[in-house]
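Subject: The structure you asked about

Hi,

Here is the structure for you to open alongside this email. My notes on it follow below.

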Amino acid sequence: MHVNGNGQLIPVGGGDVIPLIRDQMSMGRRESCDICLEFPNVSGLHCELSFKQGYWFIQDLGSTNGIKVNGTRVHKRALVPGDTITIAKRTFRIDYTPPAGSHALDELLEDVDDTLAQSLLEKAGLARPQNLPKLRNPEESAGKARKQIQEAVDQAMKNTKEQPKKSPHDPTR
């Protein structure tokens, strides 16, 4: 892992500051996590912080209790300096210096999952996202394929019937 020291997490209400020393840092209850939070309502592997092009992002890794940024539950979110991150009733404020200019953040945000734009059925995997192209009907596609195969077979049979049959004893054969 690349060590860069790009910022810190400051516990709201007091506590030791957590330096953000790697480009990707896992947070959870496991001792193997980069940031170990030994509390019963924190999942073993709760979330991940990642540093991309000068900005920090947070992503829930399927935790039971989720993560909140500025009081709103999120799945994945870009973090700006001063944002608060809440993990199972533990709140931290992120502090770092982003690169100059905001156009880079706008481009990065295009890759971030906007969970508020999804319906509950989409989030649960029970509905297809509305912004994706509609798939072909498999029965319709199979029917077209059967028709094309049948036409090819019919054409081959027709060609076979049109050729003159030669007898097995024909010397020109």
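Of the 173 residues in the chain, 27% are buried; buried means under 20% relative accessible area, exposed means over 50%, and partly exposed is what falls in between (1.4 Å probe, protein chains only). This is a predicted model, in which local features need pLDDT of at least 70 and side-chain atom pairs count only at pLDDT 80 or more, while totals for chains, interfaces and linings use all residues. Residues are numbered from 1 along each chain as its sequence is written, and side-chain values use heavy atoms, with hydrogens and water left out.

The chain has three helices and eleven strands, taken as DSSP runs numbered from the N terminus (helices: H or I, at least four residues; strands: E, at least two). Reading from the N terminus, the order is β-β-β-β-β-β-β-β-β-β-β-α-α-α.

How many disulfides does a search of the whole structure find? It finds zero, a disulfide being a pair of cysteine sulfur atoms within 2.5 Å. For Cys-33, the closest cysteine sulfur belongs to Cys-36 and is 6.4 Å away, so it is too far for a bond. Cys-47 has its closest cysteine sulfur in Cys-33, at 8.7 Å, which is also too far for a bond. Both Cys-33, at 7% relative accessible area, and Cys-47, at 0%, are buried.

Now the rings. There is one aromatic pair in the structure, formed by Phe-51 and Trp-56, with 5.0 Å centre to centre and 50° between the planes. That makes the pair tilted, because rings of Phe, Tyr and Trp (its six-membered ring) pair if their centres lie within 6.5 Å, and planes under 30 degrees apart count as stacked, over 60 as edge-to-face and the rest as tilted. Phe-51 counts as buried at 17% relative accessibility, and Trp-56 does at 0%.

Two charges sit over rings, Arg-90 over Phe-39 at 3.6 Å from the ring centre and Lys-52 over Phe-57 at 5.8 Å. The criterion is NZ of Lys or CZ of Arg within 6 Å of the ring centre and within 35 degrees of the ring normal.

Finally, the outside: Ile-149, in helix 3 (residues 138–162), is exposed, with 55% relative accessible area.

Happy browsing!
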